[in-house]
Amino acid sequence: MKIALIEPKPPFDAYFFLKKLPLLGNLFLGTMMKNAGHTVKVYKENMIPAYNEKTDEFLPFIREADVVGITGITHTANRAYLLADALKRQFPEKKVVLGGPHVSALPEEGFQHADQVVVGEGENVVLDVFEGRNKDDIVYGSVVNMNDVPPLDLKILQGYRYKKEKIDMKHAPIMASRGCPYDCNFCSVTKMFGRKYRIKDPDLVMEEVMMRYHEGFRYAFFYDDNFAANHEKTKIFLEKLIRADIDLRWSSQFRVEVVKDKEMVDLLSRAKCSTVFIGVESINPKALLDYNKKQSVEDIKKCIKTLSERGMKVHSMFVLGADSDNGETIEETIRFSRASKSTTAQFSILFPIPGTRLYQEMKDQDRIFINNWDYYDGSHTVILPKQITPIKLQKKLIHAYKHFYATTIITWLMSRLGFFMWKLTNKKFLRYLRYFTRKLKKAGAIQNGILTHKGPLTDLVPKKLSEAIIRK
Ligand code: B12
Ligand code: SF4
């Protein structure tokens with residue numbers, strides 16, 4: 001069978017500098033299909049657009065494919081549906097299957113556009129679905145044993161150039177674990193992969209690392225959400241990596257308490273971990289409680305200091321706009337980001353990812369005022385904040401980046417250029433936010449920046465303008 005798998009492009013590519021990093025769902029499933037004898041091609045749309053809307057044309061292999069699978073997060077859901085609808089219109093006989101974090105949370109929505117929707121991890125069901133043995137509208141995947149997942153076959157990725165037979169991708173994508181024992185209210189990882197942490201056998205991870213190293217990779221990115229959740233197995237792996245003595249630098253995501261284990265920090269440094277991504281989220285202790293982050297401000301400070309002193313780069317990720325956040329606490333978090341000496345920083349406005357507790361709470365409280373998935377990327381205010389107006393929160397995000405990156409001329413220029421582009425594509429959105437904030441004030445729903453309105457807010461949403469910001 002011919003199988004095409006697509007990762008839709010986002011409406012605004014804020015992470016253009018990481019555009020070569022694919023979501024691994026298509027790659028894991030594509031590798032399995034290829035190993036089962038099918039011809040598989042994976043299209044990551046910001047590398048190679050699968051569909052041209054102007055000519056209404058798909059790439060030749062997609063036109064010929066027996067089955068087309070489309071992955072997606074909330075931010076790319078509209079594009080995923082557009083592709084699925086166009087495919088069904090042009091090729092009614094072709095099977096179109098949707099999967100990934102967004103439709104896993106809202107399968108009925110996905111099913112409006114496709115023949116089948118896969119909810120959760122796809123590995124245990126995908127062969128039956130694609131080969132036609134499972135014909136259910138909504139198919140529920142099951143928890144995967146990480147040791148059964150084969151190393152990724154990067155050759156199925158389309159649109160990447162090759163340099164001396166090595167795919168032109170800086171970071172080797174490797175996933176050593178799934179799941180996270182924590183339960184932050186805004187995060188969809190536990191909904192998708194569960195709270196039981198599953199880690200691959202260190203020998204198997206090491207095999208994959210060596211495979212990539214021999215292919216020519218000198219950097220790896222471990223897609224794990226909480227790399228060191230199982231200290232024992234992580235240490236075994238790191239010791240193996242140190243013994244291999246290879247010229248490979250790598251990065252992954254960690255929780256801040258990782259530095260409480262001195263031996264772990266030492267192993268990370270010796271194993272050439274170059275960048276540690278940490279979810280700082282906020283320096284406001286009450287916001288950390290709102291997020292159910294289960295970490296203290298002291299833990300955060302200690303983490304950044306310890307890792308920097310050991311020569312590792314720290315990429316701190318912040319979330320602005322918790323219910324306990326006001327203009328001043330957000331400002332403190334922004335000031336801290338720079339004072340902390342984190343190497344790089346990423347700021348997001350709190351937004352409700354479908355499937356999370358936050359999403360349910362915001363729906364119950366009728367605080368979601370933008371339903372268009374295009375804006376669910378952390379760079380847009382889509383829910384009514386409690387102690388700051390929507391437009392002020394939006395401005396804080398812009399200010400955060402400008403403040404953090406004002407240290408060198410190059411980063412200063414890049415952050416300004418980034419926001420210039422962002423503003424260009426978001427003119428209507430900003431106008432809408434200003435108008436909506438005025439309307440909320442006029443209706444008495446916000447007083448002195450504080451949300452006082454208790455009942456349903458839907459009536460206050462300016463319908464005409466909300467239609468105007470729908471991107472066509
Ligand atoms: C690497 C990563 C990134 C990378 C690159 C991602 C990319 N190409 O888009 C970077 C750093 C750039 C990034 C950026 C962002 N990310 Co990100 N990222 C991840 C991370 C850590 C790993 C992704 C991954 O490959 N997972 C592993 C694969 C195997 O999981 P999977 O995709 O879910 O696939 C399984 C199933 O879903 C299913 N499946 C998937 N696709 C398909 C398709 C078919 C046909 C079938 C049948 C089944 C199926 O089977 C797969 C195997 O079991 C995830 C967290 C996570 N653990 O997943 C967050 C995650 C995907 N990111 C998330 C978010 C929100 C963002 C940002 C908006 C940033 C932000 N402000 O939070 C941006 C948006 C990027 C964009 N595309 O526009 C959310 C998305 C949630 C959602 N529903 O929208 C996640 C889940 C984390 C979270 N906070 O909950 N991200
Ligand atoms: S944000 Fe990080 S620590 Fe919290 S649940 Fe998600 S993966 Fe786990």
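Me: By class, how many residues of the shell around ligand 2 are nonpolar, polar and charged?
Reply: This is a predicted model, in which local features need pLDDT of at least 70 and side-chain atom pairs pLDDT 80 or more, while totals for chains, interfaces and linings use all residues. Residues are numbered from 1 along each chain as its sequence is written, and chains are lettered from A and ligands numbered from 1 in the order in which they are written. Ala, Val, Leu, Ile, Met, Phe, Trp, Tyr, Cys and Pro count as nonpolar, Asp, Glu, Lys and Arg as charged, and the others, Gly among them, as polar. On that basis the shell has 5 nonpolar, 3 polar and 3 charged residues.

Me: Which residues surround ligand 2?
Reply: A residue is taken as near the ligand if its C-beta atom, placed from the backbone, lies within 6 Å of it. The residues around ligand 2 are Cys180, Tyr182, Asp183, Cys184, Cys187, Val189, Thr190, Asp225, Asn226, Arg255 and Gly279.

Me: What is the bridge partner of Ile6 in E5?
Reply: Strands E1 (residues 2-7) and E5 (residues 67-70) pair in the parallel sense over 4 bridges. In E5, the partner of Ile6 is Ile70.

Me: Is H15 parallel, antiparallel, perpendicular or oblique to H17?
Reply: The axes of H15 (residues 390-404) and H17 (residues 427-442) come within 8 Å and cross at roughly 140°; axes are lines fitted to C-alpha atoms over the stretch in contact, with angles from 0 to 180 degrees between N-to-C directions. Angles under 35 degrees count as roughly parallel, over 145 as roughly antiparallel, 65 to 115 as roughly perpendicular and the rest as oblique. H15 is therefore classed, relative to H17, as oblique.

Me: Which element supplies the largest share of the side of domain 2 that touches domain 3?
Reply: By an automatic or database domain assignment, domain 2 spans 170-350 and domain 3 spans 366-472. In contact (C-beta atoms, placed from the backbone, within 7 Å) are 14 residues of domain 2 and 18 residues of domain 3. Helix H13 (327-339) and strand E19 (344-349) each supply at least two residues of this side of domain 2. The largest share, 5 residues, comes from H13.

Notes:
Pairing = 2+ DSSP bridges. Contact = placed C-beta atoms within 7 Å.
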